[in-house]
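Subject: Structure handover

Hello,

Please find the structure below. My notes on the domains, a helix pair and some strands follow it.

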Amino acid sequence: MKKIKTCIKILKDLVSFNVLGGQSNLEIIDYIVEILMAHGIEYHLVPNTDMTKTSLLCRIGPAVDGGIILSGHTDVVPVSGQEWNTKPFKLTKIDDYLYGRGSCDMKGFLACCLASVELFKTANLKKPVYFAFSYDEEIGCLAGTELAASIGKKYKEKPIFAIIGEPSMMNPVVGQKGICVLKTTVNGSAGHSSMIRSEVSAVHVSAKLISWLEKRMDNYAQGNILDIRFDPPYSSVHVGMIHGGIAPNVIADNCSFFWDVRVIPGHDVNSVIMEFDEYCRIVEQEIRTKFPGFCIITIEDHPPVPPLGTKDNSPVIPLIRKISGNYNLHTVAYAAEAGQFSNEGFETIICGPGDIAQAHRANEFITIDQLEKCLQMFEKLTEEFV
Ligand SMILES: [Zn+2]
């Protein structure tokens with residue numbers, strides 16, 4: 001069967017597994033394992049602690065240094081509340097378009113990998129190709145760090161490169177901001193609003209903290225940690241949700257707000273959190289003279305996802321330009337597992353089929369043309385590795 005036909009058949013099967021972020025992905029992994037076993041490829045599982053989800057690793061080719069990792073996630077985002085014209089978990093072909101949840105983000109890439117197993121297997125590769133497929137990417141890249149670290153544990157040899165196949169229209173992406181989502185809770189003292197001078201309003205204190213965060217972002221904009229590849233070229237801070245108080249005439253004894261920090265490469269997200277925490281301790285000290293039980297608590301609502309900042313002189317850049325056929329380097333605003341692989345020491349790039357604009361929305365699609373381009377990239381990669 002022609003490779004593109006195999007690829008579409010596999011994509012159809014992959015889309016039929018409605019594995020949302022947070023849910024068990026064991027069935028879709030079983031399906032992938034069947035394909036690998038049919039080709040005699042050994043694999044490793046990297047499960048979560050209660051064995052309900054697992055990442056998968058395999059190597060095709062010799063156990064020598066210098067290989068390349070092809071990585072993608074097996075989970076997708078929900079479809080609830082979206083108006084689809086087709087059944088989201090049934091891949092539907094209309095002209096050159098293949099509609100279905102995950103067709104673009106990012107089962108299209110996984111299908112290209114799996115449709116190329118035969119090619120990789122029979123090509124007599126001098127350097128190996130690895131697959132690293134994760135779970136729970138869509139709810140905060142929860143498995144990427146462990147998956148990237150497990151490559152060094154499962155294999156004695158060390159791959160150099162990693163391609164994360166997030167949708168980029170096959171353009172090489174060298175940069176992605178890191179993200180950390182936080183929750184800050186302020187405990188004040190309740191009372192009649194006329195008593196505001198003798199009680200502590202958690203809402204008022206939260207407003208003060210939020211305005212401090214916004215000023216901090218202004219400092220980043222004027223500071224020297226800038227990366228002009230991004231828009232905006234500095235780390236940003238945003239408060240997206242706030243809950244507090246019960247009535248206009250009641251002093252709020254509790255207020256919480258959720259915020260995120262998106263850091264450029266080279267800016268440590270922990271330094272942002274530490275600065276904020278130091279300020280919170282100062283505010284606490286001031287207020288405790290009036291109200292001893294006063295406290296501000298900030299916790300990470302999700303583990304941080306590190307940024308990707310692949311350097312101009314990285315050896316992955318000439319390789320990806322050659323095999324993708326696309327020269328210009330890009331940055332993206334979305335979070336992905338790329339920084340997690342980069343932190344493990346792999347020269348990492350994002351490059352995959354489909355347009356991120358189609359991801360996460362109703363009538364998500366990928367074009368057959370994009371799948372063909374990705375299959376061609378793997379053919380060129382094979383030529384580089386024999
Ligand atoms: Zn994705």
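The C-alpha centres of domain 1 and domain 2 are 37 Å apart. Domain 1 covers 3–175 + 307–385 and domain 2 covers 178–300, with bounds taken from an automatic or database domain assignment. This is a predicted model, in which local features need pLDDT of at least 70 and side-chain atom pairs count only at pLDDT 80 or more, while totals for chains, interfaces and linings use all residues. Residues are numbered from 1 along each chain as its sequence is written.

Seven residues of domain 1 are in contact with eight of domain 2 (contact: C-beta atoms, placed from the backbone, within 7 Å). On the domain 1 side, three of these residues are nonpolar, four polar and none charged (nonpolar: Ala, Val, Leu, Ile, Met, Phe, Trp, Tyr, Cys and Pro; charged: Asp, Glu, Lys and Arg; polar: the others, Gly among them).

Helices H6 (residues 202–222) and H7 (residues 269–288) have axes that come within 11 Å and cross at roughly 145°. Axes are lines fitted to C-alpha atoms over the stretch in contact, with angles from 0 to 180 degrees between N-to-C directions. Helices (H or I, at least four residues) and strands (E, at least two) are DSSP runs, numbered from the N terminus. The H6 residues Val-205, Lys-208, Leu-209, Trp-212, Leu-213 and Arg-216 meet Glu-275, Phe-276, Tyr-279, Cys-280 and Val-283 of H7. By class, that contact has eight nonpolar, no polar and three charged residues.

Strand E8 (residues 173–176) runs parallel to E16 (residues 330–332), joined by three bridges (pairing needs at least two DSSP bridges). Val-173 is opposite His-330 of E16. E8 is also joined to E15 (residues 308–309), antiparallel, by two bridges, and Gln-176 is opposite Leu-308 there.

Regards

Methods:
Two residues are in contact if their C-beta atoms, placed from the backbone, lie within 7 Å.
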